[in-house]
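The notes follow in the order I made them.

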Amino acid sequence: MSNIRVKNLKIGKNVVIENTAIIRGLNGLAENVYIGDNTYIGHDVQIICDDFSIGDYSKIHHHTNIHGYKPCKIGHNAWIGQYCVIDSIGGTTIGNNCGIGAHSQLWSHIKYGDTLDGCRIFSESHFTVGYDVWCVGHCIVSPITAEDKSMALVGSVVTKDMKHNNIYAGSPAKNITDKAGNPFKNVTIEDKHQKMCEYLKQFESLTNTKDHDILIVKYKQELVLDKSCFCVQDRIYNKMGTDVEQKFMSFLLPDKAKFTPFKQ
């Protein structure tokens, strides 16, 4: 824990922080750091930020650097690959269920040249990533807004906002949705419910688990609050924190289904 220097630190259950990871503030102690349940922080990760949080079931893989003056907030079910850079000099918010592929860079500022000597290239703005956004890998992204379900293919250099459920590629990145189609197709609630029930059966068979409190429902109003109940309408679940629930969530991640805790 000598590499973790935080004034107000909250670490959830089943968190793994490798012993070479560093978590601290810019000039010593970080003020606030929150790490959600079942989250992994890999070897040689550096989180140098005074105000940092990351949600449940997230992974920050080795040699990733997260830094900045302003808060960096990352949601549940994040997957951040090896050797990434996440800059929060202008402030960064990454929503739930986002993937940042290996060797990608997300920047919230563009500045270096002397303003005294007339440099005009100077900007610093909040970097906002919505839900279910995916930067496939080796992406370089300027201070933009990436709307929900947008996607940047490998090697993209993104300099403009990414629109909802659109796909981008190239340097500079261009919208290729007309050619490639939307990243996400429409799925009915009935089909989602059927698929989740199939996933639960697969989980039961794989783990030989029959006696459990996991339920799959279609709508929020059907949530049962004394069980691990998964609602496919909004991809939320009633978090009970049981061992079986954790194993089921791990079975679903990263590509079957991502659920976030229901907040009453």
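Before starting, I wrote down what a polar contact is: a pair of N or O atoms within 3.5 Å, where, within protein, one must be able to donate a hydrogen and the other to accept it. I also noted that this is a predicted model.

Entry one, the loop residue. I found N77 in the loop between β10 (72-74) and β11 (79-80). Is N77 buried or exposed? I got 4% relative accessibility, so N77 counts as buried, the cut-off being under 20%. Next I checked its side chain, and a polar contact of 2.8 Å links it to the side chain of N97. Skipping neighbours within four places in sequence, I listed what N77 touches; among them are D56, Y57, S58, C98, M249 and F259.

The largest cavity holds about 80 Å³ of space. Its lining includes K13, N14, D37, Y57, Y237 and D243. Helix α3 (residues 243-252) gives the largest share of that lining, three residues. Sorted by class, I have two nonpolar, five polar and five charged residues in the lining.

I traced an open sheet of four strands in the order β26-β27-β28-β29, with mixed pairing. Its edge strands are β26 (214-217) and β29 (260-261), each pairing on one side only. Inside the order, β27 (residues 228-231) and β28 (residues 236-237) run antiparallel to each other, paired over two bridges. For C231, I noted I236 in β28 as the bridge partner.

Definitions and conventions: Residues numbered from 1 in each chain as written. Predicted model: local features only at pLDDT ≥ 70, side-chain atom pairs only at ≥ 80, totals over all residues. Heavy atoms only, no water. 1 Å grid on protein atoms, 1.4 Å probe; cavity = no way out; pocket = protein on both sides within 12 Å on 5 of 7 lines; lining within 4 Å. Points joined across faces, edges and corners; volume = space filled by probe spheres on them. Nonpolar A, V, L, I, M, F, W, Y, C, P; charged D, E, K, R; others polar. Buried < 20%, exposed > 50% of the residue type's maximum accessible area, 1.4 Å probe, protein only. Contact = heavy atoms within 4.5 Å. Pairing = 2+ DSSP bridges.
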